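User: I would like to go through this model term by term, setting each value against the definition behind it.

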Amino acid sequence: TRPGIGQPVTLTASVAPLPPGAGAPTGLVTFRDSSAVIGSGPLGPSGQAIISDTFAVAGIHRISAEYSGDGNFAGGTSPVLEDTVVAPVFACYPPSIRFDTTHPGHSLRDSFTVANTGGSILVIDSIRVTHPAFGVHPSAATIAPSSNARFIVTFMPSLEGGVSGCIILFHNADGSPDTVVVSGFGKISSGDSITIRGGRSEGWNLLSVPVKVADNHAVVLFPE
């Protein structure tokens, strides 16, 4: 199985004497990715050195192990082993959502889907929404290769007029973050009413009709 970016991998090197030699080698084994040192580990009683590591870059990695030698055995270097580290790939559809017109205080729902077309796990660790009229669920996701996740977007305007915003997804694939553009329109119809709560200031109070108030006496709506 090809490892993915950030996925733990175990590297094992075995050291044994060539015939007719005998005995148990001791010392250190240093692991390299091309010329870069990954780490070192001591030989155990079984003649193996084991380390764990992760790869941060996708592509071909050329792994080798170098034995340091000891008082009885000479050092040596293993052949190069090539391993390919794969990465997740973020794909989103649709890239934008345009909601139908709805009334302030009411809500509409739509969705977008994120697919992982890469070879390792895609992690969406956080999502930011730039306008309070929009919400998204879930707020994070882990998507296996060749799988997808659906995100529900809610539009609930609080005022009349056009609204637009962005849903920004932060993830571990190339190109992060990615954005879904969202927009909608809030409209008050002739049958809607607005309830006014709280006090009114002295002087003129400009109101849009139709309105619903707790006390509709003129001296309350338009105090002197």
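This is a predicted model: local features need pLDDT of at least 70, side-chain atom pairs count only at pLDDT 80 or more; totals for chains, interfaces and linings use all residues.

User: What does glycine 69 touch, and where is it found?

Analyst: Contact means heavy atoms within 4.5 Å, and, residues up to four places away in sequence not being counted, glycine 69 touches Thr26, Gly27, Ala74 and Gly75. Glycine 69 lies in the loop between β5 (59-67) and β6 (76-77), where strands (E, at least two residues) and helices (H or I, at least four) are DSSP runs numbered from the N terminus. Its C-alpha atom is separated by 7.5 Å from that of leucine 28, although the two residues are 41 apart along the chain.

User: How do you know that strand β10 and strand β14 pair, and in which sense?

Analyst: Two strands pair if DSSP finds at least two bridges between them; strand β10 (residues 108-116) and strand β14 (residues 147-155) have 9 bridges and run in the antiparallel sense. Valine 114 has alanine 149 as its bridge partner in β14, while alanine 115 stands opposite asparagine 148. On its other pairing, β14 is joined to strand β12 (residues 134-137) over 4 bridges, again antiparallel, and there histidine 137 is partnered by isoleucine 152.

User: What makes the sheet with the order β8-β10-β14-β12 an open one, and which strands stand at its edges?

Analyst: The 4 strands form an open sheet with antiparallel pairing. β8 (90-93) and β12 each have a single partner strand, so one side of each is left without a neighbour in the sheet, and these two stand at the edges. The twist averages 25 degrees from one strand to the next, with axes being lines fitted to C-alpha atoms (for helices, over the stretch in contact) and angles running from 0 to 180 degrees between N-to-C directions.

User: What makes β15 and β16 a hairpin, and which residue in the turn has a positive phi?

Analyst: β15 (residues 161-171) pairs with strand β16 (residues 178-186) in the antiparallel sense over 9 bridges, and the two form a hairpin with 6 residues between them, where glycine 175 in the turn has a positive phi of about 90 degrees. Isoleucine 168 stands opposite threonine 179 in β16 and is also the bridge partner of arginine 128.

User: What makes a set of residues a nonpolar core, and which residues have the most contacts inside the largest one?

Analyst: A nonpolar core is a set of buried Ala, Val, Leu, Ile, Met, Phe, Trp, Tyr and Cys residues joined through side-chain atoms within 4.5 Å. The largest has 22 residues, and those with the most contacts inside it are Phe112, Val114, Ile124, Phe151, Ile167 and Leu169. β14 gives the most to this core, with 4 residues. Apart from it lies another core, of 15 residues, among them Phe31, Phe55, Tyr67 and Val85.

Technical notes:
Residues are numbered from 1 along each chain as its sequence is written. Side-chain values use heavy atoms; hydrogens and water are left out. Buried means under 20% relative accessible area, exposed over 50%, partly exposed in between (1.4 Å probe, protein chains only).
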